[in-house]
Amino acid sequence: MSKKQFIKRHHLIINKLRSNPCSFKDLQDHLEKHSLDESENYMISKRTFERDVEEIWGIYKIIIKYQRSQNVYQIIEDADEVKTDRLIESFQIFNALSISDSVLNQIIIEKRKPLGVEHMHSLLHAIKNKFEIQFTHEKFWKANNEKKIRIVYPLALKEARNRWYLIAQDSKDGIVKTFGLDRISNLNMTSKIFIYPNDFNPEEKFQYSFGIISDGTKLEKIKLCLSHGQADYIKSLPLHSSQKIMSENETECVIELFMSSTYDFIMELLSMGQEVQVLEPESLKNKMIEILEATLKRYK
């Protein structure tokens with residue numbers, strides 16, 4: 001069996017048991033159906049399945065147990081469902097791009113700059129072992145895309161709006177900053193060990209942020225009125241973990257957030273155009289009006 005089939009079988013088992021506990025016979029039927037649909041062989045013996053259960057724990061940190069009283073297998077611990085789903089999602093994309101050339105023209109891939117994920121392994125190694133790193137960083141907002149050599153203490157990696165960022169403490173001024181992985185080059189790991197700041201918690205730093213900007217903008221209650229169509233999108237992909245639906249009817253939906261209205265959040269609201277209206281706070285409403293009026297002036 002190829003490694004691709006092996007991984008796909010794991011994913012089929014996980015997805016089946018996530019939907020509901022089932023017997024080994026039900027699992028076999030599930031694997032047989034996918035074997036026929038995809039012209040692959042995912043069928044396994046009881047012994048192979050038990051080995052799969054151990055490997056699924058080792059790779060995905062998902063615990064599968066047999067419930068003798070009900071004669072079913074069940075997931076009793078799903079350590080990090082979000083990360084597991086991303087692993088499965090990445091494999092599904094890889095699988096789709098690996099299929100026959102006959103349908104490749106029907107898969108339209110967005111043309112974009114690579115995300116810089118080739119640095120992730122080295123950066124995680126540096127974070128784990130507390131090694132100071134050095135790299136060249138390109139700033140998009142400076143004249144001529146200015147490039148600077150940075151020496152930093154890597155603290156964490158963060159994803160935001162389909163991009164990856166390094167969270168690091170600048171060795172010169174001690175300030176925690178963010179660097180887009182796609183703008184990092186010439187990465188080198190030094191042998192110098194740094195002391196990880198005891199008062200830094202990556203989750204807490206960005207708890208009330210929309211993306212990667214955490215600049216001290218005050219926390220506030222934000223109320224937005226969304227069109228019915230935009231509300232469906234926002235409900236499926238929340239703007240922030242604090243998002244709550246306050247009221248809803250056939251034409252609009254009011255949501256409440258508790259977060260910082262940073263620059264990247266304001267840009268996200270502007271991208272929704274007439275589908276969103278800021279209700280509270282007044283300061284954010286005025287900021288939106290100011291930007292929209294300045295935009296209109298550019299077209300006069």
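This is a predicted model: local features need pLDDT of at least 70, side-chain atom pairs count only at pLDDT 80 or more; totals for chains, interfaces and linings use all residues.

**Overall build**

- A compact globule of 300 residues would have a radius of gyration near 19 Å, whereas this protein has 24 Å.
- Along the principal axes, the C-alpha atoms fill a box of roughly 70 × 60 × 45 Å.
- Of the 300 residues in the protein, 36% are buried.
- The accessible surface comes to about 19,200 Å², and carbon and sulfur atoms account for 51% of that area.
- If you take the contacts between residues at least 6 apart in sequence, 56% of them join residues at least 24 apart.

**Aromatic rings**

- A pair of aromatic rings is described by the distance of the centres and the angle of the planes.
- The structure holds eight aromatic pairs.
- One of them is formed by Phe 24 and Phe 49: the ring centres are 5.6 Å apart and the planes stand at 45°, so the pair counts as tilted.
- This pair links distant parts of the chain, since Phe 24 belongs to helix H2 (residues 24–38) and Phe 49 to helix H3 (residues 46–60), 25 residues apart.
- Are these two residues buried or exposed? Phe 24 is buried, with a relative accessible area of 15%, and Phe 49 is buried too, with a value of 1%.
- Tyr 196 and Phe 200 form another tilted pair, with ring centres 6.3 Å apart and planes at 55°.
- Phe 200 has a relative accessibility of 13%, so this residue counts as buried.
- Ring pairs also build a cluster, which is made up of Phe 24, Phe 49, Tyr 66 and Tyr 73.

**Backbone features to look for**

- Most residues other than glycine have a negative phi, and most peptide bonds are trans.
- Which peptide bond is cis, with omega near -5°? That is the bond from Glu 280 to Pro 281.
- Pro 281 sits in the loop between strand E11 (276–280) and helix H9 (282–298).
- Lys 61 is not a glycine, yet its phi is positive, at about 60°.
- You can find Lys 61 in the loop between H3 and strand E1 (62–67), where the residue is partly exposed, with a relative accessible area of 36%.
- Lys 130 also has a positive phi of about 60° without being a glycine.
- Lys 130 lies in the loop that runs between helix H5 (120–129) and strand E3 (131–138), and its relative accessible area of 32% makes this residue partly exposed.

**Residues that meet across the chain**

- Phe 6 is part of helix H1 (residues 3–19).
- With a relative accessibility of 27%, Phe 6 counts as partly exposed.
- Although Phe 6 and Tyr 42 are 36 residues apart in sequence, their C-alpha atoms are 7.8 Å apart in space.
- Where is Leu 157 found? Look in strand E4 (residues 147–160).
- Leaving aside residues up to four places away in sequence, Leu 157 touches Met 120, Leu 123, Leu 124, Ile 127, Trp 164, Tyr 165, Leu 166 and Leu 181.
- From Leu 157 to Lys 128, the C-alpha atoms are 12 Å apart in space, and the two residues are 29 residues apart in sequence.
- Lys 172 is located in the loop between strand E5 (163–170) and strand E6 (176–180).
- Lys 172 is exposed, with a relative accessible area of 80%.
- The C-alpha atoms of Lys 172 and Ile 151 are separated by 7.9 Å, while the residues are 21 residues apart along the chain.

Terms used: Residues are numbered from 1 along each chain as its sequence is written. Side-chain values use heavy atoms; hydrogens and water are left out. The radius of gyration is taken over C-alpha atoms; the globule rule is 2.2 Å times the number of residues to the power 0.38. Buried means under 20% relative accessible area, exposed over 50%, partly exposed in between (1.4 Å probe, protein chains only). Contact means heavy atoms within 4.5 Å. Accessible areas come from the Shrake-Rupley method with a 1.4 Å probe; for residues, only the protein chains shown count as cover. Rings of Phe, Tyr and Trp (its six-membered ring) pair if their centres lie within 6.5 Å; planes under 30 degrees apart count as stacked, over 60 as edge-to-face and the rest as tilted. Helices (H or I, at least four residues) and strands (E, at least two) are DSSP runs, numbered from the N terminus.
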